[in-house]
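Reader: I have the model open and would like to learn how to read its contacts. Can you walk me through the features one at a time?

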Amino acid sequence: MKQKAIYPGTFDPFTNGHLDVLERALNIFEEVVVVIAENIQKHALFTVEERLIMTKQVTGKYPGVCVKVLHKGLLADYARQVGARAIVRGVRQVKDFEYEFQMSLLNRQLYPEVTTVFLMPNVKYTYVASSIIKEVAILGGDVSKFVHPCVLEMMHKKREEYNQKQL
Ligand code: PNS
């Protein structure tokens, strides 16, 4: 039986750290659905449509991957609907753990057949987070090591918009 996993996140934007986790997930699962979802605790820089375009471009070369948007509702319900028994999450540091632990157990409560699989990215990405990458990029720093060229281009556009607003 083909094993399907979902890899959810805000992906605002999708970084090389996310890609590293995705590649590791593809070593385990035959099919991985990257799910762009809203985190109500975060204010996104990119629209869902922009995130979808970027994430599709970054992951387009991987045959077992598709990218979807969860417009509303619970991730656990989505996992059930698409027949995924695994939720992949990347963990970089100990501080990620508390939040991940809560989400994992809540998702299990909502959908008992689902298991959250935590994967650690390459150590070179342990300090890479979308939030800090966005901040550095918007303020004019070089983040080309941390994101795909198409993401870099979109961030440069956001920087121009930001600079225009400051004038
Ligand atoms: O990249 P993030 O912000 O850490 O991802 C968090 C995300 C989007 C996976 C989480 O907020 C989520 O699952 N959102 C969908 C709505 C939902 O099911 N919330 C309850 C989670 S227990």
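Author: Let's start with a definition: a salt bridge is a side-chain nitrogen of Lys or Arg within 4 Å of a carboxyl oxygen of Asp or Glu. Bear in mind that this is a predicted model, where local features need pLDDT of at least 70 and side-chain atom pairs count only at pLDDT 80 or more, while totals for chains, interfaces and linings use all residues. Residues are numbered from 1 along each chain as its sequence is written, and side-chain values use heavy atoms, with hydrogens and water left out.

Reader: How many salt bridges does the structure hold?

Author: Nine. One of them joins the side chains of Glu50 and Lys158, at 3.1 Å from N to O. Glu50 belongs to helix 2 (residues 48-59) and Lys158 to helix 6 (residues 149-166), so this pair ties together parts that are 108 residues apart in sequence. Helices here are DSSP runs (H or I, at least four residues), as are strands (E, at least two), and they are numbered from the N terminus.

Reader: Is Lys158 buried or exposed?

Author: For that you need the cut-offs: buried means under 20% relative accessible area, exposed over 50%, and partly exposed in between (1.4 Å probe, protein chains only). Lys158 has 12% relative accessibility, so it counts as buried.

Reader: What about salt bridges inside one helix?

Author: The general idea first: an α-helix has 3.6 residues a turn, so residues three or four places apart point the same way. Take Arg80 and Asp77, a salt bridge whose closest N and O atoms are 3.3 Å apart. Both sit in helix 3 (residues 75-82), three residues apart, or about one helical turn. Arg80 is partly exposed at 40% relative accessibility, and Asp77 is partly exposed at 33%.
In helix 6, Lys157 and Glu153 are four residues apart, again about one helical turn. Their salt bridge has its closest N and O atoms 4.0 Å apart. Lys157 comes out partly exposed at 44%, and Glu153 partly exposed at 48%.

Reader: Which residues are linked in a network of salt bridges?

Author: Asp12, Glu38, Arg51 and Lys134.

Reader: Now the rings. How do I read an aromatic pair?

Author: A pair of aromatic rings is described by the distance of the centres and the angle of the planes. Rings of Phe, Tyr and Trp (its six-membered ring) pair if their centres lie within 6.5 Å; planes under 30 degrees apart count as stacked, over 60 as edge-to-face and the rest as tilted. This structure holds four such pairs. In one of them, Tyr7 and Phe11 have ring centres 5.2 Å apart and planes at 70°, so they are edge-to-face.
Phe97 is partly exposed at 45%, and Phe101 is partly exposed at 43%.

Reader: Where does helix 4 sit relative to the strands?

Author: The chain goes from strand 4 through helix 4 to strand 5, a right-handed β-α-β crossover. Right-handed means that, with the strands pointing away from the viewer, the path from the first strand over the helix to the second runs clockwise. As for strand pairing, two strands pair if DSSP finds at least two bridges between them. Strand 4 (residues 86-90) and strand 5 (residues 115-119) pair in the parallel sense over five bridges. Arg89 has Phe118 as its bridge partner in strand 5, and Val88 stands opposite Val117. Strand 1 (residues 4-9) also runs parallel to strand 4, joined by two bridges; there Ala5 is partnered by Ala86.

Reader: How many residues of strand 4 are buried?

Author: Four of its five, which leaves strand 4 mostly covered.

Reader: And why is helix 1 called largely enclosed?

Author: Because eight of the 11 residues of helix 1 (residues 16-26) are buried. Among them are His18, Leu19 and Asp20.
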